[in-house]
Amino acid sequence: MVCLETEISPLSWGCALAHVPWPNCPMKIAKLETFTNAFVGFVRVTSSSGVEGWGQLSPYNADITATIFHRQIAPHALGWDALDIDGVVDHVLRKEHKFPGSYIFRALSGLDTALWDLRGKLEGKSVCRLLGGEPRALRTYASSMRRDITPEAEADRFAALRDRYGFDAFKFRVGRECGKDEDEWPGRTEAIVPLLRQRLRDQMTLLADANGAYSPAKAIAVGRLLEDHGIEHFEEPCPYWELGETKEVTDALTLNVTGGEQDSLMPIWRQMIGMRAVDVVQPDVCYMGGISRTLAVARLASEAGLVCTPHCANLSMVTLFTMHLLGAIDNAGPYLEFSIEGYDYYPWQESLFRKSPYDVVDGRVKIPDEPGWGVEISPAWLDRAQYQASTLAL
């Protein structure tokens with residue numbers, strides 16, 4: 001294990017200190033630790049009273065994100081009231097206003113989610129209950145991440161998953177990722193859409209994800225094909241940064257056009273929701289910077305009468321965060337995204353937890369009701385990870 005520890009004194013914060021409730025806060029954020037590899041990273045927060053909470057940085061390039069965390073998140077968070085989650089999230093973003101990019105939010109998710117876990121453990125409640133929800137079983141959709149698979153092979157594994165785990169909803173990939181109207185190979189999309197419907201029959205819900213593959217005209221043409229075969233969800237048909245193009249597709253089709261997984265800035269969300277560029281919003285808890293900011297998006301969508309079906313495309317803690325969120329919001333979509341890619345495709349997912357929270361029974365998973373997130377990170381995994389710590393100097 002590679003270890004790096006930094007001690008940060010409040011006296012070094014300058015004018016930022018005026019906004020931090022130090023030293024009279026009864027439960028200050030006293031220590032922030034990260035355990036990372038290149039793919040995934042966990043955060044442990046410890047309060048001045050000794051209560052701990054665990055969260056997660058956004059997956060992928062997590063080792064880089066950990067550097068951002070200790071340099072641009074921890075200095076502003078240490079000393080803050082550990083129960084004032086909204087306050088510290090807002091404070092960090094204001095202090096780092098010159099860095100409004102993805103990495104800040106990817107790092108911030110580790111702080112936010114660890115603080116929610118801490119609060120849950122302090123109050124003896126699951127995060128779902130803290131948010132006003134009731135832990136329950138959630139319907140899932142089996143989410144394929146693969147474009148290198150033939151239509152026949154995809155149909156075979158969907159049928160096997162249906163029979164083994166009871167899934168009754170499936171998402172597959174169309175087009176080439178950000179592919180400028182190209183398919184992964186010629187004819188793949190035109191083949192997979194009718195084949196999956198034929199093999200899985202009408203009682204199965206089918207969803208399609210284009211990952212920004214199309215221009216509006218091509219997306220509308222593909223969307224008509226999807227509608228003809230009863231596909232109910234068309235995700236990210238155009239490049240996500242082109243809201244006008246996505247709205248053109250939404251306005252032209254009757255199936256649900258969905259999007260938002262890549263977005264983290266609230267002005268973009270207000271614009272997307274205000275212009276109704278999509279029918280369903282899909283914020284990602286880790287890309288957004290945590291639960292607090294994702295809740296804000298869900299509320300905006302609810303006020304506009306839009307459904308929120310968050311993005312959670314792997315079996316790190318992001319799916320767990322999303323489960324707790326879906327159990328609490330009033331405009332939750334009808335299902336939870338559940339990746340079907342195993343260790344052969346995502347080897348970095350292996351052995352993250354002492355006991356997996358992702359047991360699928362009859363196509364459903366249960367929101368844990370234990371305090372906090374209801375999961376324990378594997379000690380053996382932590383022992384192998386790169387370790388860094390930032391500590392409040394008292």
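The crossing of helices α1 and α2 is right-handed, a term used when the near helix is turned clockwise from the far one by less than a right angle, with left-handed for anticlockwise. This is a predicted model, in which local features need pLDDT of at least 70 and side-chain atom pairs count only at pLDDT 80 or more, while totals for chains, interfaces and linings use all residues. Residues are numbered from 1 along each chain as its sequence is written, and side-chain values use heavy atoms, with hydrogens and water left out. Helices (H or I, at least four residues) and strands (E, at least two) are DSSP runs, numbered from the N terminus.

Two packed helices are described by the angle between their axes and the distance between the axes. Axes are lines fitted to C-alpha atoms, for helices over the stretch in contact, and angles run from 0 to 180 degrees between N-to-C directions. Helix α1 covers residues 62-77 and helix α2 residues 85-95; their axes come within 9 Å and cross at roughly 130°. The two helices are therefore oblique to each other. Angles under 35 degrees count as roughly parallel, over 145 as roughly antiparallel, 65 to 115 as roughly perpendicular, and the rest as oblique. On the α1 side the contact (heavy atoms within 4.5 Å) is made by Gln72, Ile73, His76 and Ala77, and on the α2 side by Val88, His91, Val92 and Lys95. By class, this contact of α1 with α2 has four nonpolar, three polar and one charged residues. Here Ala, Val, Leu, Ile, Met, Phe, Trp, Tyr, Cys and Pro count as nonpolar, Asp, Glu, Lys and Arg as charged, and the others, Gly among them, as polar.

At 32% relative accessibility, Gly101 counts as partly exposed. Gly101 and Ser264 are 163 residues apart along the chain, and their C-alpha atoms are separated by 8.4 Å.

Which residues touch the most other members of the largest nonpolar core? They are Ile29, Phe42, Leu111, Phe172 and Phe234, out of 117 residues in that core. Helix α3 (residues 102-123) gives the most to this core, with eight residues. A nonpolar core is a set of buried Ala, Val, Leu, Ile, Met, Phe, Trp, Tyr and Cys residues joined through side-chain atoms within 4.5 Å. Leaving aside neighbours within four places in sequence, Phe172 has contacts that include Ser144, Phe158, Ile192 and Leu196.

Helix α3 also packs with helix α11 (residues 291-303), at an angle of about 100° and with the axes 8 Å apart. These two helices are therefore roughly perpendicular to each other. Phe105, Leu108, Asp112 and Trp116 of α3 make the contact with Ile291, Ser292 and Arg293 of α11. The classes are four nonpolar, one polar and two charged residues.

α5 passes α6 in a right-handed crossing. Among the residues in this contact are Phe158 and Arg162 of α5 and Ile192 and Leu196 of α6. The contact of α5 with α6 divides into nine nonpolar, no polar and six charged residues.

Loops lie on either side of α6. Lys180 lies in the loop between β6 (169-173) and α6. Although not a glycine, Lys180 has a positive phi of about 55°, and with a relative accessible area of 76% this residue is exposed. Arg201 is found in the loop between α6 and β7 (205-209). Its phi is near 70°, a positive value in a residue other than glycine, and Arg201 is exposed at 52%.

Val249 lies in helix α8 (residues 243-252) and is buried, with a relative accessible area of 0%. Not counting residues up to four places away in sequence, Val249 touches Pro216, Ala219, Ile220, Phe234, Pro237, Cys238 and Val257. Ile367 lies in the loop between β13 (364-366) and α13 (379-384), and is buried at 4%. Ile367 and Val127 are 240 residues apart in sequence and 9.7 Å apart in space, C-alpha to C-alpha.

How values were computed: Buried means under 20% relative accessible area, exposed over 50%, partly exposed in between (1.4 Å probe, protein chains only).
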